[in-house]
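Subject: The model, plus notes on its pockets and strands

Hi,

Here is the model I promised to send over.

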Amino acid sequence: MSIHEIAAADLNVKQFIEEQVESIRQAVGDGWAINALSGGVDSSAVTMLGHKALGNRLKTYFVDNALMREGEPQRVVALFAELGVPVELIDARDEFLAALRGITDPEEKREAVTQTFYKTVFGRLVRASGAKHLLQGTILTDVDETVAGIKRQHNVFEQLGIDPQEAFGYHILEPLIQLRKDGVRKLAAGLGLPKSIYDRMPFPGPALAARIIGEVTAERLDIVRKATAITEEELEDTGAFQYMAILHEDRVTGMRDGQRDFGLQIEIRCWDSVDARRATPTRLPWETLERLADRILTGVPGVVSVTYGIAPKPPSTMEVV
Ligand code: XMP
(Lines give C-alpha, C1' and ligand atoms only; values in the text may rest on other atoms or scores of the structure.)
Protein backbone atom coordinates (compact mmCIF):
# COMPACT_ATOMS: atom_id res chain seq x y z
CA MET A 1 0.00 0.00 0.00
CA SER A 2 1.46 3.37 -0.93
CA ILE A 3 0.61 6.28 1.33
CA HIS A 4 0.01 9.77 -0.01
CA GLU A 5 2.14 12.15 2.05
CA ILE A 6 0.71 15.49 3.17
CA ALA A 7 3.54 17.93 3.86
CA ALA A 8 3.04 20.25 6.84
CA ALA A 9 3.01 23.31 4.55
CA ASP A 10 0.18 21.80 2.46
CA LEU A 11 -1.88 20.66 5.43
CA ASN A 12 -5.28 22.34 5.62
CA VAL A 13 -5.93 21.65 9.28
CA LYS A 14 -9.65 22.41 9.34
CA GLN A 15 -10.35 20.26 6.30
CA PHE A 16 -8.09 17.46 7.56
CA ILE A 17 -9.93 17.39 10.90
CA GLU A 18 -13.32 17.26 9.17
CA GLU A 19 -12.22 14.45 6.86
CA GLN A 20 -10.63 12.38 9.57
CA VAL A 21 -13.54 12.84 11.97
CA GLU A 22 -15.90 11.69 9.22
CA SER A 23 -13.75 8.73 8.31
CA ILE A 24 -13.47 7.61 11.95
CA ARG A 25 -17.26 7.87 12.31
CA GLN A 26 -17.79 5.81 9.16
CA ALA A 27 -15.32 3.12 10.16
CA VAL A 28 -16.63 2.74 13.69
CA GLY A 29 -20.33 3.01 12.78
CA ASP A 30 -22.40 2.83 15.92
CA GLY A 31 -19.77 0.75 17.70
CA TRP A 32 -17.01 1.70 20.08
CA ALA A 33 -13.39 2.55 19.62
CA ILE A 34 -10.55 2.42 22.01
CA ASN A 35 -7.18 4.12 22.09
CA ALA A 36 -4.10 4.42 24.18
CA LEU A 37 -2.73 7.80 25.06
CA SER A 38 0.94 8.25 25.89
CA GLY A 39 0.92 12.03 26.19
CA GLY A 40 3.09 12.53 23.12
CA VAL A 41 1.88 14.76 20.32
CA ASP A 42 0.82 11.85 18.06
CA SER A 43 -1.37 9.96 20.50
CA SER A 44 -2.70 13.23 21.93
CA ALA A 45 -3.81 14.40 18.47
CA VAL A 46 -5.43 11.02 17.79
CA THR A 47 -7.23 11.14 21.14
CA MET A 48 -8.67 14.57 20.31
CA LEU A 49 -9.70 13.47 16.79
CA GLY A 50 -11.33 10.33 18.17
CA HIS A 51 -13.04 12.26 20.92
CA LYS A 52 -14.38 14.77 18.39
CA ALA A 53 -15.67 11.95 16.20
CA LEU A 54 -17.09 9.64 18.82
CA GLY A 55 -17.43 11.49 22.12
CA ASN A 56 -17.91 8.97 24.90
CA ARG A 57 -17.87 6.09 22.38
CA LEU A 58 -14.11 6.47 22.44
CA LYS A 59 -12.53 4.88 25.46
CA THR A 60 -9.03 6.20 26.13
CA TYR A 61 -6.49 4.43 28.30
CA PHE A 62 -3.12 5.49 29.56
CA VAL A 63 -1.08 2.35 30.15
CA ASP A 64 1.63 2.77 32.76
CA ASN A 65 4.26 0.38 31.41
CA ALA A 66 6.93 1.23 34.01
CA LEU A 67 8.96 2.84 31.21
CA MET A 68 7.58 6.37 31.53
CA ARG A 69 9.26 9.54 32.64
CA GLU A 70 8.90 10.87 36.19
CA GLY A 71 5.29 11.75 37.11
CA GLU A 72 4.19 11.33 33.47
CA PRO A 73 1.11 9.07 33.85
CA GLN A 74 -0.57 11.29 36.42
CA ARG A 75 0.36 14.49 34.61
CA VAL A 76 -1.12 13.36 31.29
CA VAL A 77 -4.36 12.04 32.78
CA ALA A 78 -4.85 15.33 34.66
CA LEU A 79 -4.21 17.42 31.55
CA PHE A 80 -6.78 15.57 29.47
CA ALA A 81 -9.30 15.72 32.32
CA GLU A 82 -8.95 19.51 32.04
CA LEU A 83 -9.69 19.25 28.30
CA GLY A 84 -12.85 17.28 29.06
CA VAL A 85 -11.46 13.96 27.83
CA PRO A 86 -11.68 11.15 30.39
CA VAL A 87 -8.64 8.86 30.43
CA GLU A 88 -8.33 5.72 32.49
CA LEU A 89 -4.93 4.94 33.99
CA ILE A 90 -3.96 1.25 33.81
CA ASP A 91 -1.11 0.03 35.99
CA ALA A 92 0.70 -2.64 33.93
CA ARG A 93 4.18 -2.02 35.29
CA ASP A 94 4.77 -5.56 36.55
CA GLU A 95 3.70 -7.16 33.29
CA PHE A 96 6.10 -5.07 31.21
CA LEU A 97 9.01 -5.57 33.58
CA ALA A 98 8.40 -9.32 33.56
CA ALA A 99 8.34 -9.38 29.75
CA LEU A 100 11.61 -7.42 29.54
CA ARG A 101 13.48 -9.51 32.11
CA GLY A 102 16.73 -10.92 30.78
CA ILE A 103 16.41 -9.36 27.31
CA THR A 104 19.37 -7.38 25.98
CA ASP A 105 18.91 -7.47 22.19
CA PRO A 106 17.42 -4.13 21.00
CA GLU A 107 14.88 -5.57 18.59
CA GLU A 108 13.82 -8.24 21.08
CA LYS A 109 13.29 -5.48 23.62
CA ARG A 110 11.06 -3.56 21.20
CA GLU A 111 9.24 -6.76 20.40
CA ALA A 112 8.66 -7.51 24.10
CA VAL A 113 7.20 -4.03 24.65
CA THR A 114 5.03 -4.33 21.52
CA GLN A 115 3.73 -7.79 22.36
CA THR A 116 3.04 -6.95 25.99
CA PHE A 117 1.25 -3.80 24.97
CA TYR A 118 -0.89 -5.14 22.11
CA LYS A 119 -1.40 -8.77 22.91
CA THR A 120 -1.43 -8.82 26.66
CA VAL A 121 -2.47 -5.51 28.17
CA PHE A 122 -4.26 -3.66 25.40
CA GLY A 123 -5.72 -6.82 23.87
CA ARG A 124 -7.28 -7.54 27.28
CA LEU A 125 -8.70 -4.01 27.50
CA VAL A 126 -10.10 -4.19 23.96
CA ARG A 127 -11.73 -7.56 24.57
CA ALA A 128 -13.26 -6.32 27.84
CA SER A 129 -14.57 -3.14 26.16
CA GLY A 130 -16.13 -4.92 23.17
CA ALA A 131 -14.51 -2.34 20.86
CA LYS A 132 -13.56 -3.58 17.39
CA HIS A 133 -11.55 -0.52 16.45
CA LEU A 134 -8.34 0.86 17.74
CA LEU A 135 -7.20 4.39 16.98
CA GLN A 136 -3.49 4.77 16.72
CA GLY A 137 -1.06 7.64 16.10
CA THR A 138 1.25 6.03 13.54
CA ILE A 139 2.96 8.67 11.37
CA LEU A 140 4.66 8.34 8.01
CA THR A 141 8.20 8.36 9.44
CA ASP A 142 7.33 5.29 11.57
CA VAL A 143 6.23 3.49 8.42
CA ASP A 144 9.31 4.48 6.39
CA GLU A 145 11.79 3.34 8.99
CA THR A 146 10.00 0.09 9.71
CA VAL A 147 9.64 -0.83 6.06
CA ALA A 148 13.29 0.06 5.47
CA GLY A 149 14.13 -2.35 8.28
CA ILE A 150 15.98 0.30 10.27
CA LYS A 151 13.90 -0.16 13.38
CA ARG A 152 10.85 -2.11 14.29
CA GLN A 153 8.65 0.80 15.35
CA HIS A 154 6.20 0.33 18.13
CA ASN A 155 3.11 0.71 16.05
CA VAL A 156 3.36 -0.47 12.48
CA PHE A 157 1.63 -3.66 11.47
CA GLU A 158 -0.19 -3.52 8.20
CA GLN A 159 2.86 -2.21 6.38
CA LEU A 160 4.73 -5.27 7.57
CA GLY A 161 2.01 -7.58 6.31
CA ILE A 162 0.75 -8.40 9.81
CA ASP A 163 -3.03 -8.41 10.00
CA PRO A 164 -3.96 -6.83 13.34
CA GLN A 165 -7.41 -8.37 13.15
CA GLU A 166 -5.94 -11.84 12.89
CA ALA A 167 -2.96 -11.28 15.17
CA PHE A 168 -4.60 -9.23 17.88
CA GLY A 169 -8.35 -9.32 17.22
CA TYR A 170 -9.01 -5.73 16.18
CA HIS A 171 -8.93 -3.20 13.33
CA ILE A 172 -6.42 -0.39 13.53
CA LEU A 173 -7.33 3.12 12.34
CA GLU A 174 -4.35 5.38 11.71
CA PRO A 175 -5.59 8.92 10.97
CA LEU A 176 -2.09 10.49 11.07
CA ILE A 177 -0.47 8.08 8.63
CA GLN A 178 -0.04 10.73 5.87
CA LEU A 179 1.69 13.21 8.16
CA ARG A 180 5.12 13.70 9.57
CA LYS A 181 5.89 15.20 12.95
CA ASP A 182 5.72 18.83 11.83
CA GLY A 183 2.30 18.20 10.28
CA VAL A 184 1.04 16.51 13.44
CA ARG A 185 2.13 19.51 15.53
CA LYS A 186 0.16 21.83 13.27
CA LEU A 187 -2.85 19.53 13.52
CA ALA A 188 -2.57 19.24 17.32
CA ALA A 189 -2.59 23.03 17.67
CA GLY A 190 -5.67 23.16 15.43
CA LEU A 191 -7.36 20.58 17.64
CA GLY A 192 -7.06 22.93 20.60
CA LEU A 193 -4.32 21.07 22.44
CA PRO A 194 -2.07 23.26 24.61
CA LYS A 195 1.44 24.27 23.50
CA SER A 196 2.89 21.98 26.18
CA ILE A 197 1.55 19.12 24.03
CA TYR A 198 1.74 20.31 20.43
CA ASP A 199 5.21 21.72 20.87
CA ARG A 200 6.38 18.80 22.94
CA MET A 201 9.43 16.96 21.84
CA PRO A 202 8.91 13.44 20.49
CA PHE A 203 9.26 10.47 22.79
CA PRO A 204 9.55 6.90 21.52
CA GLY A 205 6.84 4.25 21.96
CA PRO A 206 9.16 1.90 23.87
CA ALA A 207 9.81 4.92 26.13
CA LEU A 208 12.82 4.68 28.44
CA ALA A 209 13.45 1.12 27.25
CA ALA A 210 14.77 2.79 24.06
CA ARG A 211 17.37 4.54 26.21
CA ILE A 212 18.80 1.63 28.13
CA ILE A 213 21.53 -0.43 26.51
CA GLY A 214 21.33 -3.93 27.95
CA GLU A 215 18.70 -5.27 30.31
CA VAL A 216 15.73 -3.11 31.32
CA THR A 217 15.08 -3.54 35.04
CA ALA A 218 13.21 -1.41 37.57
CA GLU A 219 16.56 -0.32 39.06
CA ARG A 220 18.09 0.64 35.71
CA LEU A 221 14.88 2.47 34.78
CA ASP A 222 15.17 4.52 37.98
CA ILE A 223 18.66 5.58 36.96
CA VAL A 224 17.75 6.61 33.42
CA ARG A 225 14.55 8.25 34.70
CA LYS A 226 16.51 10.47 37.11
CA ALA A 227 19.06 11.36 34.42
CA THR A 228 16.22 12.10 31.99
CA ALA A 229 14.51 14.48 34.42
CA ILE A 230 17.75 16.43 34.90
CA THR A 231 18.52 16.46 31.16
CA GLU A 232 15.05 17.69 30.25
CA GLU A 233 15.24 20.47 32.84
CA GLU A 234 18.66 21.63 31.74
CA LEU A 235 18.06 21.49 27.97
CA GLU A 236 14.47 22.73 27.89
CA ASP A 237 15.44 26.20 26.68
CA THR A 238 17.81 25.07 23.92
CA GLY A 239 15.05 24.87 21.31
CA ALA A 240 16.51 21.52 20.20
CA PHE A 241 14.28 18.98 18.44
CA GLN A 242 14.89 16.27 21.04
CA TYR A 243 17.24 15.54 23.92
CA MET A 244 17.74 12.48 26.00
CA ALA A 245 19.82 10.61 28.55
CA ILE A 246 21.02 7.09 27.78
CA LEU A 247 22.23 4.46 30.21
CA HIS A 248 25.11 2.40 28.86
CA GLU A 249 25.65 -1.25 29.63
CA ASP A 250 29.40 -1.12 30.15
CA ARG A 251 30.74 0.11 33.43
CA VAL A 252 33.90 2.17 33.62
CA THR A 253 36.43 2.78 36.32
CA GLY A 254 35.88 5.94 38.28
CA MET A 255 36.72 7.17 41.76
CA ARG A 256 34.60 8.48 44.54
CA ASP A 257 35.72 9.55 48.02
CA GLY A 258 39.24 8.34 47.26
CA GLN A 259 37.95 4.85 46.39
CA ARG A 260 37.91 3.07 43.05
CA ASP A 261 34.32 2.89 41.81
CA PHE A 262 33.43 0.71 38.82
CA GLY A 263 30.50 2.88 37.86
CA LEU A 264 27.77 3.66 35.34
CA GLN A 265 27.95 5.74 32.17
CA ILE A 266 25.29 8.16 31.01
CA GLU A 267 25.37 9.51 27.47
CA ILE A 268 23.53 12.72 26.64
CA ARG A 269 22.21 13.28 23.13
CA CYS A 270 20.63 16.51 21.94
CA TRP A 271 19.41 16.73 18.36
CA ASP A 272 18.64 19.39 15.80
CA SER A 273 16.18 18.05 13.24
CA VAL A 274 13.09 18.99 11.28
CA ASP A 275 11.35 15.66 10.91
CA ALA A 276 13.62 13.07 12.62
CA ARG A 277 14.71 11.56 9.30
CA ARG A 278 18.07 13.27 9.54
CA ALA A 279 19.50 14.92 12.62
CA THR A 280 22.65 16.62 13.81
CA PRO A 281 23.88 17.06 17.38
CA THR A 282 23.14 20.51 18.82
CA ARG A 283 26.21 22.67 19.45
CA LEU A 284 25.49 23.13 23.13
CA PRO A 285 27.47 25.70 25.12
CA TRP A 286 30.23 24.09 27.16
CA GLU A 287 28.78 25.63 30.35
CA THR A 288 25.49 23.87 29.71
CA LEU A 289 27.23 20.53 29.25
CA GLU A 290 29.28 21.07 32.40
CA ARG A 291 26.24 21.92 34.48
CA LEU A 292 24.40 18.91 33.11
CA ALA A 293 27.31 16.58 33.85
CA ASP A 294 27.67 17.98 37.34
CA ARG A 295 23.99 17.50 38.16
CA ILE A 296 23.96 13.94 36.80
CA LEU A 297 27.18 12.96 38.59
CA THR A 298 25.88 14.27 41.90
CA GLY A 299 22.17 13.50 41.45
CA VAL A 300 22.11 10.04 39.91
CA PRO A 301 23.56 7.30 42.13
CA GLY A 302 26.41 5.22 40.73
CA VAL A 303 27.21 7.36 37.67
CA VAL A 304 30.91 8.11 37.13
CA SER A 305 30.93 9.10 33.45
CA VAL A 306 28.84 11.51 31.38
CA THR A 307 29.44 11.84 27.64
CA TYR A 308 27.86 13.89 24.86
CA GLY A 309 27.02 12.10 21.60
CA ILE A 310 28.31 13.98 18.55
CA ALA A 311 27.52 11.55 15.71
CA PRO A 312 24.81 12.71 13.27
CA LYS A 313 21.88 10.63 12.00
CA PRO A 314 22.70 8.84 9.73
CA PRO A 315 24.68 6.75 10.51
CA SER A 316 23.51 7.10 14.13
CA THR A 317 19.84 6.89 14.96
CA MET A 318 18.41 9.25 17.55
CA GLU A 319 17.57 6.62 20.16
CA VAL A 320 20.04 3.86 21.03
CA VAL A 321 17.65 0.92 20.90
P1 XMP B 1 15.41 7.03 15.63
O2 XMP B 1 16.00 6.49 16.90
O3 XMP B 1 14.78 5.96 14.79
O4 XMP B 1 14.22 7.97 16.08
O5 XMP B 1 16.36 7.89 14.85
C6 XMP B 1 13.56 8.84 15.21
C7 XMP B 1 12.44 9.48 15.99
O8 XMP B 1 11.44 8.50 16.29
C9 XMP B 1 11.29 8.34 17.68
N10 XMP B 1 11.10 6.91 17.90
C11 XMP B 1 9.91 6.33 18.04
N12 XMP B 1 8.68 6.84 18.05
N13 XMP B 1 7.79 4.69 18.39
C14 XMP B 1 7.62 6.01 18.24
O15 XMP B 1 6.48 6.47 18.25
C16 XMP B 1 9.02 4.09 18.39
O17 XMP B 1 9.15 2.89 18.54
C18 XMP B 1 10.12 4.97 18.21
N19 XMP B 1 11.45 4.74 18.14
C20 XMP B 1 12.03 5.96 17.96
C21 XMP B 1 12.55 8.89 18.30
O22 XMP B 1 12.33 9.33 19.63
C23 XMP B 1 12.87 10.02 17.34
O24 XMP B 1 12.10 11.18 17.60
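The second largest pocket has 14 lining residues, and those nearest its centre are Asp64, Ala66, Met68, Arg93 and Arg225. Elements giving two or more residues to this lining are α3, α4 (93-100) and α10, with α10 providing the largest share, four residues. (Helices are DSSP runs of H or I with at least four residues, strands are runs of E with at least two, and both are numbered from the N terminus.) A pocket here is an open set of points on a 1 Å grid over the protein atoms alone, where a 1.4 Å probe fits and protein lies on both sides within 12 Å along at least five of seven lines; lining residues have an atom within 4 Å of a point.

Before going on: this is a predicted model, where local features need pLDDT of at least 70 and side-chain atom pairs count only at pLDDT 80 or more, while totals for chains, interfaces and linings use all residues. Residues are numbered from 1 along each chain as its sequence is written, and side-chain values use heavy atoms, without hydrogens and water.

Back to that second largest pocket: its volume is about 180 Å³, meaning the space filled by probe spheres set on the grid points, which are joined across faces, edges and corners. Its lining splits into six nonpolar, two polar and six charged residues. For these classes, Ala, Val, Leu, Ile, Met, Phe, Trp, Tyr, Cys and Pro are nonpolar, Asp, Glu, Lys and Arg are charged, and the others, Gly among them, are polar. The pocket lies between domain 1 (8-198) and domain 2 (212-308), because both give residues to its lining.

The largest pocket holds about 630 Å³ of space. It has 20 lining residues, and Arg200, Met201, Glu232, Glu236 and Tyr243 are the closest to its centre. At least two residues each come from α3 (72-82), α9 (195-198) and α10 (218-235), and α10 gives the most, five. By class, this lining has 12 charged, five nonpolar and three polar residues. Domain 1 and domain 2 both contribute to it, so the largest pocket also lies between them.

On the domains themselves, the bounds come from an automatic or database domain assignment. Their centres, taken over C-alpha atoms, are 28 Å apart.

Now the strands, which count as paired if DSSP finds at least two bridges between them. There is an open sheet of five strands, in the order β3-β2-β1-β4-β5, with parallel pairing. β3 (87-91) and β5 (171-173) are at the edges with a single partner strand each, so one side of each has no neighbour in the sheet. Within this sheet, four bridges link β1 (residues 33-36) and β2 (residues 58-64), and Ile34 sits opposite Lys59 in β2.

Then there is β8 (residues 259-272), which runs antiparallel to β7 (residues 252-256) over five bridges. Two residues lie between the strands of this hairpin, and Asp257 takes a positive phi near 50°. Met255 is opposite Arg260 in β8, and Arg256 is opposite Gln259. β8 also pairs antiparallel with β6 (residues 242-247) over six bridges, with Gln242 opposite Trp271. Its pairing with β10 (residues 303-308) is parallel, over five bridges, and Gln265 has Ser305 as its bridge partner there.

Cheers
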